[in-house]
Amino acid sequence: MTANVITYRGRSAAREIGKALSFDPETLGRLAGLVSAWEYKDEHDTLERHFHDAGFDIRHPKIRKFFELCVKVQDLPRHLGQHSGGMVVCQGQLDSVVPLEPATMPGRVVVQWDKEDCADMGIVKVDLLGLGMMAVLEDSLKLIREHQAEEVDLARLPPDDSVVYDTLRKADTVGMFQIESRAQMACLPRLRPVKFYDIVVQVAIIRPGPIVGKMVHPYLKRRQGREAPECLHPSLEPVLSRTLGVPLFQEQLLRMAMIAAGFTGGEAEELRRAFGFKRSEKRMSEVEVKLRRGMEKKGITGEVQDTIVKSITSFALYGFPESHAASFALLAYASAYLKCHYLAAFAAAILNNQPMGFYSPATLVKDAQRHGLRVRAIDVTCSDWLCTMERDGERLCVRLGLRFVKGLREEVGKEIVRERGVRAFASIDDLKLRVPGLQKTELTSLAEIGALNFVGGKAGFHRRDALWQIERVSRRAGPLLEGVEESDAAIVEKTEYGSASGEENVEAVREKYSPLEPMTPEARLVSDFRNTGMTVGPHPISYHRADLRRQGILSARDLLRLADGTKVKVAGAVIARQRPGTAKGFVFLSLEDETGIANAIITPQVFQEHHIVVVNQQFLLIEGTLQNQDNVISVKAERVRALGITRAETVSHDFH
């Protein structure tokens with residue numbers, strides 16, 4: 001494997017410096033959290049600003065030293081890591097050329113040079129790409145085979161499935177490979193894919209290269225018939241005709257350099273390497289001189305030359321080869337097909353392969369539920385370690401696996417499943433007796449999410465009943481009664497509510513398990529998110545929908561019927577934040593409620609005014625103007641407020 005030089009960046013630098021200065025863990029966590037990881041930074045995005053916002057005095061000697069050292073160590077080497085997929089292919093004795101070292105994983109060796117140095121020395125390196133979606137597809141096919149007795153062959157999927165393309169045109173793509181991000185969803189209704197090559201284009205077009213090269217909007221306008229497809233130069237017609245005169249792929253850029261600037265095959269290879277080089281902007285500036293000189297010899301000058309050079313050099317910011325885009329499009333189509341036609345299997349498979357993709361498990365579960373899938377809660381009487389499929393009459397459901405219980409060790413979770421296979425658990429005492437490795441913290445987590453509610457088949461048993469009994473189960477009985485289970489029947493006999501005839505009033509039924517009241521919906525919600533990061537119950541916003549409507553706050557679904565330019569208020573849980581380097585300081589938020597996902601656009605000015613709220617609050621109320629362009633709906637924010645509706649600790653994927 002090739003090496004990867006890991007440097008001090010942002011929060012890693014802050015944590016290391018904080019440890020060296022002996023900050024306590026709580027303060028260190030706060031300081032590290034202040035370091036921005038936005039891809040885009042402006043003049044306001046400084047450490048001084050973040051420290052001031054958080055209430056730290058930058059004049060304090062220790063804080064000042066922390067700040068100075070954080071700035072100084074940026075981009076200095078931290079340690080030598082391992083490239084995620086760079087495999088060196090060699091013949092003979094490699095250590096005669098480059099130092100080798102054993103990797104952490106047994107049987108694996110790392111070359112002490114990074115991929116650029118290996119390439120410069122002529123060492124052959126092959127990138128092996130492992131994709132989580134490939135595991136999702138494989139697991140989906142297995143579940144379909146087991147539960148639906150169908151054989152699905154990915155190589156023989158219908159190439160023009162109308163349901164799939166209708167779904168893509170509506171941008172209903174949560175969980176689908178490569179086409180699920182906010183930017184992809186904003187592009188799909190405009191591109192309106194109708195055939196496979198459209199997906200190839202879709203995969204490639206939302207990349208920094210095409211965006212910076214200003215190729216996205218011209219392509220979409222030509223695709224919609226609003227602009228005539230024209231090539232940059234007549235000589236480039238054979239290369240650009242299939243993409244309506246707009247260069248989108250690396251191969252096209254290389255061919256353009258060979259045709260327009262007279263590049264040789266070797267010079268084109270140098271250009272290709274510059275595309276993939278981490279300091280490619282410097283290399284591209286050198287290549288640009290050759291491009292312009294070659295085009296002048298071909299008589300291509302002025303604005304046309306500038307446009308061609310801009311198209312080519314922008315790919316230094318990352319553009320896709322057409323071959324990669326086609327391969328990814330195959331996976332995108334397959335994931336879309338399985339989600340549309342085998343939702344239960346696809347949902348179970350993608351949950352079992354987390355973490356991966358753009359969205360958290362909580363969002364994946366809510367999306368599946370909105371599409372009609374019933375997702376059942378974690379239950380020690382029927383949940384496996386992984387998520388599984390169950391029958392509910394004619395319908396297929398997904399049962400969440402024990403793997404989502406935070407703090408539950410895998411070996412303990414699998415032991416629960418093994419013991420349950422021998423015989424059902426009669427009580428919580430029986431569970432603890434037969435799975436002695438279960439710690440009190442693990443039992444408590446299971447109880448708080450309701451996973452013990454059905455142990456022993458007790459009627460009316462609730463989460464706090466389980467918590468009450470865990471306190472007794474967790475205490476050692478002493479040598480005389482060690483290993484002797486105290487059954488629930490014995491507990492009932494000891495209560496004043498037991499009766500010889502077996503008849504008990506409703507209050508007695510509750511009291512026989514514990515004197516505690518059941519959890520409120522808010523308490524259940526908080527427990528679910530604290531212990532699993534999700535809930536299969538109602539969305540947190542749904543509990544407050546009536547009150548929100550009285551305030552004129554709309555749902556994500558309500559936005560679909562409104563006209564462009566309407567003043568609106570929308571609220572939701574933040575599930576994604578983005579501030580891409582190509583967006584000139586704009587911030588994009590995805591807000592989820594019980595009806596779907598609403599997108600909000602935060603201008604640089606509004607972001608500066610509401611910086612702390614936008615970055616730190618998990619539930620937001622956005623007031624602004626609705627934008628509806630080609631069925632792509634978003635809210636351009638004018639005001640942003642925190643929405644204090646729950647203490648549930650929801651999560652968001654913040655690709656700063």
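Modeller: Start with accessibility: a residue is called buried under 20% relative accessible area, exposed over 50%, and partly exposed in between, using a 1.4 Å probe and protein chains only. Cysteine 340, with a relative accessible area of 26%, is therefore partly exposed. Cysteine 90 is also partly exposed, at 44% relative accessibility.

Biologist: What kind of model is this, and how are residues numbered?

Modeller: This is a predicted model, in which local features need pLDDT of at least 70, side-chain atom pairs count only at pLDDT 80 or more, and totals for chains, interfaces and linings use all residues. Residues are numbered from 1 along each chain as its sequence is written, and side-chain values use heavy atoms, with hydrogens and water left out.

Biologist: How many disulfides does a search of the whole structure find?

Modeller: A disulfide is a covalent bond between the sulfur atoms of two cysteines. The test is a pair of cysteine sulfur atoms within 2.5 Å. Searching the whole structure gives zero disulfides.

Biologist: And how many salt bridges are there?

Modeller: Side chains of opposite charge can pair when their charged atoms come close. The rule for a salt bridge is a side-chain nitrogen of Lys or Arg within 4 Å of a carboxyl oxygen of Asp or Glu. The count by this rule is 39 salt bridges.

Biologist: Where do lysine 65 and glutamate 68 lie?

Modeller: Both are in helix H4 (residues 61-73), three residues apart, about one turn of the helix. Helices (H or I, at least four residues) and strands (E, at least two) are DSSP runs, numbered from the N terminus. The side chains of lysine 65 and glutamate 68 form a salt bridge, 3.7 Å from N to O. Lysine 65 is partly exposed at 38%, and glutamate 68 is partly exposed at 30%.

Biologist: Which residue forms a salt bridge with arginine 292?

Modeller: Aspartate 306 does, with the closest N and O atoms 2.9 Å apart. This pair links distant parts of the chain, 14 residues apart: arginine 292 is in helix H15 (residues 280-297) and aspartate 306 in helix H16 (residues 302-313).

Biologist: Is arginine 420 buried or exposed?

Modeller: Arginine 420 is buried, at 16% relative accessible area, while aspartate 384 is partly exposed at 29%. The two form a salt bridge, their closest N and O atoms being 2.9 Å apart. Aspartate 384 sits in the loop between strand S7 (374-376) and strand S8 (388-392), and arginine 420 in helix H20 (residues 410-422), so the pair ties together parts 36 residues apart in sequence.

Biologist: Which residues are linked in a network of salt bridges?

Modeller: The network links Arg374, Arg376, Glu390, Asp392 and Arg399.
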